[in-house]
Amino acid sequence: MAVVAVQCPMCGSHKVVKYGQQPNGAQRYRCNSAHCPQRIFLLHYHNSGWVPEVKQQMVEMALNGSGIRDTARVLGVSPTTVMSTLKKKPRRCTR
């Protein structure tokens, strides 16, 4: 039997348990750390638009003035994915 050490990609905690499966059969995991910002994650995402690093790049490109279609073309995701990701991010306070 093989044992795979799973670590949360957001907080780095090893307090991770299995949390069901996706409809495509991919294993879901849940971080039991209280201070984790994103509790449910996958080890291997089928769609690259769901990878946290790609989402961060979308936000950074938008802050640098790149358009939605340009961002989608560079990152290889749908423009709809870029728009929905940017709408979900909280706005910064400018005060």
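Predicted model: local features only at pLDDT ≥ 70, side-chain atom pairs only at ≥ 80, totals over all residues.

1. The secondary structure of the chain amounts to three helices and three strands, and reading along the sequence gives the pattern β-β-β-α-α-α. Of the 95 residues in the chain, 23% count as buried. Among contacts between residues at least 6 apart in sequence, 25% join residues at least 24 apart.

2. The three strands make up an open sheet in the order β1-β2-β3, and the pairing in it is antiparallel. At the edges of this sheet lie β1 (16–21) and β3, each of which pairs on one side only. Neighbouring strands are turned against each other by 40° on average, with direction ignored.

3. How many bridges join β1 to β2? There are four, and they link β1 to residues 27–31 of β2 in an antiparallel arrangement. Within this pairing, V17 stands opposite R30 of β2, while Q21 stands opposite Q27 of β2. The two strands form a hairpin with five residues between them, and in the turn G25 adopts a positive phi of about 100°.

4. Turning to the helices, α1 consists of twelve residues and reaches 17 Å from its first C-alpha to its last, which is close to the 16 Å expected at 1.5 Å a residue. The buried residues in α1 are V54, M58, V59 and M61. Seen down the axis of α1, these buried residues fall within an arc of 165°, so they line one face of the helix. The face of α1 turned away from that buried side carries E53 and L63, which are exposed. Among the elements that cover the buried residues of α1 are α2 (68–75) and α3 (79–88). Just after α1, G65 takes a positive phi of about 95°.

5. How do α1 and α3 meet, and at what angle do they pack? The angle is about 80°, and the axes of the two helices are 10 Å apart. Because angles from 65 to 115 degrees count as roughly perpendicular, α1 is described as roughly perpendicular to α3. On the α1 side the contact is made by K55, M58, V59 and A62, and on the α3 side by T81, V82, T85 and L86. Two of the α1 residues named here, M58 and V59, also belong to the buried set of that helix.

6. In α2 the buried residues are T71, A72 and L75. Viewed down the axis of α2, they fall within an arc of 100°, so they too line one face of their helix. On the other side of α2, R69, R73 and V74 are exposed. The buried residues of α2 pack against α1 and α3. After α2 comes G76, whose phi is positive and near 75°.

7. Leaving aside its neighbours within four places in sequence, S13 is in contact with V6, Q7, C8, C31 and S33. One of these partners, C31, falls at the end of the range 27–31 given for β2.

8. V51 is found in the loop between β3 (40–42) and α1 (52–63). Its relative accessible area is 22%, and V51 is therefore partly exposed, since that class runs between the 20% limit for buried residues and the 50% limit for exposed ones. The C-alpha atoms of V51 and F41 are separated by 9.4 Å, and the two residues are ten residues apart along the chain.

How values were computed: Residues numbered from 1 in each chain as written. Heavy atoms only, no water. Buried < 20%, exposed > 50% of the residue type's maximum accessible area, 1.4 Å probe, protein only. Expected span 1.5 Å × (residues − 1). Arc of directions from axis to C-beta. Contact = heavy atoms within 4.5 Å. Pairing = 2+ DSSP bridges. Axes fitted to C-alpha atoms, helices over the stretch in contact; angles between N-to-C directions. Parallel < 35°, antiparallel > 145°, perpendicular 65-115°, else oblique.
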